Amino acid sequence: MDFQALEHGEFELTPDEARKGLTLPEKMARILKEGARHGVIFTATAHMPNFDVVAQRGKGADGWDFTGYTTPVLTGDVVNRVLPGGDLNDVYRAYLDRMADFGLRIAQDDIPLIVRLYHECDGNWFWWGAGCCSAPQYKNLYRYTVEYLRDVRGVHNFLYAWSPDGPVTSAEAYAMRYPGDAYVDIVGVDMYHRDPAPSDTFLASLDETLSVIGAFAAAHDKILAVTETGILAGGSAMAKTGNARKAWFAEAERVMEHHPVAYFMTWSNDSANVFDQPYLVGRHRGHEMINEFVDFYNMDRSVFASQVPDYGAWDIDVQPAVPAAGYILSIQQHQGGNAS
């Protein structure tokens, strides 16, 4: 899911649901509850709106208007302004409260949620990316957000997945914006295969990337995942026809099985023209990669929702919490040149 689903735009209420007073967060919570009953483990991306855009709309009788996809709007110095003391902190906390309320709602049904905050932070296409803020500023934002959700609002069923963009060639480059062990449960990477060809080097690059991140995960006692991946044909989603590597999913899994990867996530099937998994259109007809995808499904090492054991019955050894590192609001220069 995406936290955008808690606002209008990701999906809508049916007329009957609206008449009965159902809200979008309630509908999403019901979907997760039903999925969890079947063994689904959920992950939530947070395409947060640009809070400068939200603030410019003004606060109405029903609160702030978080609708619309303004995540790629890079103006407004948002990272600095949403922290305590900034003029956007109130609107930002209102959004975090929406996230927290949802987390507490699904906690009543013992549903955990893997939350990807501020993903692809080394890029320049989101307002929290490297093109809009420094590494220390990004870390402050991430730490403040986790502390607000976890320590202020008491949400403890969120597992935080940190996912820069790939490829990754060194631990130093990967760790440049790492928020710290106290704020991350899963380390991963977002890495797409653009226009796959039989002789390209994507899988070798993925293998190298996972070697680097796998060592980082082991050193920091974190779970390793490929947090977002898939095929990009011409820049957007999969192609309907002409795919050169029809067994791509099995090929990618064979790379990952050499590393302690817990899971990998592809994007969603939004429509007949924008999709990221092969699909069936009838009992005997489907996307041109569907036979190879069924073979992937039947592999011993692939685990789908119906095959996940009852994780609610697992015996869990709870480890002591790692002390939080905190975050810096401002750096002031004293006379004599010493910073504090």
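A patch, as the word is used here, is made of residues with over 30% relative accessible area and no salt bridge, with nonpolar side chains joined within 5 Å. In this predicted model, one such nonpolar surface patch comes to about 370 Å², and Trp-314, Ile-316 and Val-318 make it up. Val-318 turns up in the segment after helix H10 (290–297). With a relative accessible area of 69%, Val-318 is exposed, because anything over 50% counts as such.

Turning from the surface to the inside, the largest nonpolar core takes in 82 residues. Within that core, Phe-3, Met-48 and Phe-51 touch the most other members. Leaving aside residues up to four places away in sequence, Phe-3 has quite a list of contacts: Ala-44, Thr-45 and Ala-46, then Tyr-95, Met-99 and Phe-102, and finally Leu-113, Val-115 and Phe-158.

Strand E5 (residues 223–232) is another part that is mostly hidden: 9 of its 10 residues are buried, so the strand is largely enclosed by the rest of the structure. Its partner, strand E4 (residues 186–194), runs parallel to E5, and the two pair over 9 bridges. Along this pairing, His-193 sits opposite Ile-231 in E5. As a rule, side chains in a regular strand alternate between the two faces of the sheet.

Arg-30 counts as exposed, at 58% relative accessibility. Arg-30 and Ile-106 lie 76 residues apart along the chain, yet 8.7 Å is what separates their C-alpha atoms.

Definitions and conventions:
Residues numbered from 1 in each chain as written. Predicted model: local features only at pLDDT ≥ 70, side-chain atom pairs only at ≥ 80, totals over all residues. Heavy atoms only, no water. Patch = residues over 30% accessible without salt bridge, like charges linked within 9 Å, V, L, I, M, F, W, Y side chains within 5 Å. Areas by Shrake-Rupley, 256 points an atom, 1.4 Å probe, with all protein chains shown as cover. Salt bridge = Lys/Arg side-chain N within 4 Å of Asp/Glu carboxyl O. Helix = DSSP H or I, 4+ residues; strand = E, 2+ residues; numbered from the N terminus. Buried < 20%, exposed > 50% of the residue type's maximum accessible area, 1.4 Å probe, protein only. Core = buried A, V, L, I, M, F, W, Y, C linked by side-chain atoms within 4.5 Å. Contact = heavy atoms within 4.5 Å. Pairing = 2+ DSSP bridges.
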